[in-house]
Amino acid sequence: MKRVSKVLTALVLGTVLAGLAAGCGGGEKKADTIKVGANLEMTGGSASYGISSKNAIELAFKEINEKGGINGKQLELVVADNKSEAAEATNAMQKLVSQDNVVAVIGPNLSSSVIAASAINNSAKVLDIAPMATNPYVTVDQASGKTKDFNYRTCFIDPFQGTVMAKFATAELGVGNAAVLIDNSSDYAKGLAQFFKENFVKEGGAVTAEESYLQKDTDFKATLTKIKATNPDFLYVPGYYQEVGLIVKQARELGMNMPIAGGDGWDSAKMPEIAGAAALNNTYFSSLYSPEDSSDINKNFVAAYEKAYGQKPDVFAALSYDSALLVAEAIKNAGSTEPAKISEAMAKINGFSGVSGSVTFDDKHNPVKSAVILEYKDGAQSLKTKINP
Amino acid sequence: MDMGSLLHQFLQQLINGISLGSIYALIALGYTMIYGILKLINFAHGDIYMLGAYFGFVATTMFGFSFLPAILFAMACAAVAGIIIERIAYRPMRNAPRIAILITAIGVSFLLEYGMMLIATPQPRTFPAVFSADVYHLGPLVVNSQQVVILVSAIILMAVLTYIVQYTKIGKAMRAVSFDADAARLMGINIDRVISATFALGSALAAAGGVLVGIYYNSIDPLMGMVPGIKAFVAAVLGGIGIIPGAMVGGIILGVVEAMVSGFISSTFRDAAAFGILIIILLYKPAGIFGKNVREKV
Amino acid sequence: MNYLRKADLKRIVACAILFAAVQGMMFADIIGPFWELNIVLICINIILAVSLNLINGYTGQFSIGHAGFLAVGAYTGAIMTVKLGFPFEVALIVGTVAAGFLGFLIGLPTLRLNGDYLAIATLGLGEIIRICILNIDYVGGASGLMGIPRLTTFAWVFWIMIFIIFFIKNFKNSSYGRCCLAIRENEIAADTMGIDTTKYKVMAFTLGAAFAGTAGVLFAHYFYIAHPASFTFMRSFDILTMVVLGGLGSMTGSITGAILLTFISAYLAEYPEWRMIIYSVTMIVLMLHRPQGLFGNKELSMKMFGLGGGKDGRTAESK
């Protein structure tokens, strides 16, 4: 036993030392590559978002490199783990911009992480594009209200989605009483809920109950029972599919048959598996992307992603893929690897078409895109309506 | 809200709480047994529960097992895993300071979580429905067949466990070791074997909990054991750590409290309430609900 | 007495030289911003580790809720500067006092518990603090408190760290500290000797909590944000691991543990998938071989090197 553990120790120490050595030696520069950083949630509670993003970015870079790269140079991805935590995101961002000298950064996905890290990339004048950070303050400074020069995003901002769903619920579904169930650990869900409520009331509706849950919760029956007692005829659950799937399933089991709706966090091939196809009937969500989208670029992306990773891309993967393409496009347009020039080129991108539709940035560095309302029918998504900004 | 609907809600929350609590109880049983024998807070126990869920997932999706063989398969695999973990990580530390073993347990917990993440990716997996989820209406109350299965399985497992601990030779040995390890050794009991058996039993129960959760929520992921692990430990302490009926009752109480707090206050305060109750119980009855207060002797 | 002062003076001069050297390298850009960040992080972790060591190592009270006090310090400090517009110095003092006060409030009832019961109670309290913060919209709830200016500099964090290290070192050697050590060795015997065990336990707990609060203020004002996700029980485990790895009851052990683990974590950032696995295996193997930690409860000193330092866990395995 003692010998075994000695060998084990030697092995571990060896690995660690080798790792350290590799870490130290990893700094040499290759002239013919362009380094792009990814500040992602590789470990911790949101690791599934980070891994989806990493997969999609790697796929995008591989495709670009196979076609000869950008301006004759190959793209190289440097991933830094932010442990799903805002302070660590700052740490990871500092590493990417000052240790690895990347020309641009993709990520993080969590709004709070992007906001904390943005001080670093803005002072280093390196562009950062966040695939799924929806908080308005990701690209706008909270104190001064000015647009941050080096922060962009590929997704909607919270107000837009909340407003769209409120309009859809009152105008198309004709409901008057709504209950809201919020993922209280996500500022994304809170933002959507807030704007949904404001606009729903403005359109003449009433909010009967407002409840919340936390990520990683699995049992919602207690909360749903409480909501059911207020008799709403519409339930808004802006959250991520892991929990929403269970919420829809459990709500139906409790006999809550009203329409249930949410935002783009719902978008995943896992959704029908978790909730069950029957339970998902009469549910709607706003999104900017659907894997069923029939554009060529999306079909190719979905096929390539499934081939590489054995599963359908979720919304994190799709938007990260677009973010990677946008960075590549900006580098190409800038004709330079100077971070400041890349950022200028990014601001000028006009009508770029990615898997989630066409992208043009407004003066707040948010993409101008149209939203779609998708409906689940027997486990499959179908396009209900399209709403322009 | 009128009285009738309040009562109805209360009963519904009670049903929800008991089904959740019986899962806590299954995990808490393993915790309490291991603590009783080794005086070790096995932080990796929640991850054994996760491991069990994945074994069940493999059994149902890859081997196409139905419910009963799948849960037995998962329990057997987890028992082996428990024995291996004890053998490699805990046995060499029998005489080490307890805090060092605790750190090792935290290390094992990380290793299991992130090892699984590497193997199975952090994406949640959806558990296939091994039996249909029928919904029964008892007046205004709603019960689903999965809740019934969870409760029945938990009760059967606890009965089996009670039988093993009370009436078999190995069970007697377990009780002897947890009462006084040195005296048990002098009586010719092979302590290492008893500890292995305890880990095997505890892990098997946790795995059963994992499979049941997988079926009930049909979503499993590598970090799913973190929070239930801590909660189950709270349940074990609540009932009186080291005491088997205590773990069952503690688990059920915790589940019901959580359901009531979510139902009548707010689900975001659910965990705070669970810990709050724990602290209050500890302050007034430090040995837990079922525990006897033992005065420390010089 | 005179000798002690002289030794202390020498140490302070050594610290000043170290500070000048590191600060100089930062100005000359030999230490880039990334390592500067990690050095600050190391200093914060050292504060956390030595303050937890005061509770766990010197007084022998098993607390695993340190992240809660870190959170209290971070949030109160940030409220002071961001919401109320006070200067950083005030934030530091208020954050420290607030965390210390809460430590006192929590310590008074819970420190009657011992061993694992105290551990689980402090773990629970740490989580309760975090959940409460999560539900207060004034401090941003789940989004965290954003827009905190970066006021922590290397000079601040370094000298505060040195102050705390010296404070705890002198506390340990004071009559109070000796009472704490007595409680660690045998609480019942200490009680019989006429030591007011509750008083000293609460004192150590309050001090430890207060310094964790200081670390929190520094942390929030370096990373621009105070976010509930930074203060989970995983963070408490991290701090505990630093202390135990270095050697419970050894100040230099805690410092070494904090430096070592922060470095390992920073280096492994390159291999995110493997980071936690290597980290956990290192943890297990180290504990298997040195269950008493790198330095046991001894202090690292010149003498130790004279004896050949701590090689393999001879003392532990000889049993």
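So, strand S8 of chain A, residues 235-236: two bridges join this strand to strand S6 of chain A, and the two strands run parallel. If you want to find the pairing on your screen, look for A:Val180, whose bridge partner in S8(A) is A:Tyr236. Please keep in mind, as we go along, that this is a predicted model.

Now let's look at the other partner of S6(A). Seven bridges join S6(A) to strand S7 of chain A, residues 206-213, and this pair is parallel too. Here you can pick out A:Ala178, which stands opposite A:Val207 in S7(A).

Let's zoom out to the whole of chain A. The chain is divided into domain 1, made of 33-156 + 295-370, and domain 2, covering 158-287. Between the C-alpha centres of these two domains of chain A there are 29 Å. Where they touch, 11 residues of domain 1 are in contact with 14 residues of domain 2. On the domain 1 side of that contact you will find three nonpolar, six polar and two charged residues.

On to chain C, which is put together from other elements: 14 helices and zero strands. Along the principal axes, the C-alpha atoms of chain C fill a box of roughly 55 × 50 × 50 Å. Of the 319 residues in chain C, 57% count as buried.

You will find C:Gln292 in the loop between helix H12, 272-289, and helix H13, 302-306, of chain C. Why does C:Gln292 count as buried? Because C:Gln292 has 23 C-beta neighbours inside 10 Å, and 20 or more is what it takes. From C:Gln292 to C:Gly246 is 46 residues in sequence, while their C-alpha atoms are 8.4 Å apart in space.

Helix H12(C) brings us to the neighbours of chain C. In the contact with chain A, 32 residues of chain C meet 39 residues of chain A. The elements of chain C giving two or more residues to this side are helix H2, 33-58, and H12. H12(C) supplies the largest share, 10 residues. By class, the chain C side divides into 20 nonpolar, eight polar and four charged residues.

Last stop, chain B against chain C. This contact takes 35 residues from chain B and 34 residues from chain C. On the chain B side, the elements that give two or more residues are helices H4 (98-120), H9 (226-239) and H11 (270-284). H4(B) gives the most, with 12 residues. The residues on this side of chain B divide into 27 nonpolar, six polar and two charged.

Thanks, everyone, and happy to take questions!

Notes. Residues are numbered from 1 along each chain as its sequence is written. Chains are lettered from A and ligands numbered from 1 in the order in which they are written. This is a predicted model: local features need pLDDT of at least 70, side-chain atom pairs count only at pLDDT 80 or more; totals for chains, interfaces and linings use all residues. Helices (H or I, at least four residues) and strands (E, at least two) are DSSP runs, numbered from the N terminus. A residue is buried if 20 or more other C-beta atoms lie within 10 Å of its own, exposed if 12 or fewer, and partly exposed in between; C-beta atoms are placed from the backbone. Two strands pair if DSSP finds at least two bridges between them. Domain bounds come from an automatic or database domain assignment. Two residues are in contact if their C-beta atoms, placed from the backbone, lie within 7 Å. Ala, Val, Leu, Ile, Met, Phe, Trp, Tyr, Cys and Pro count as nonpolar, Asp, Glu, Lys and Arg as charged, and the others, Gly among them, as polar.
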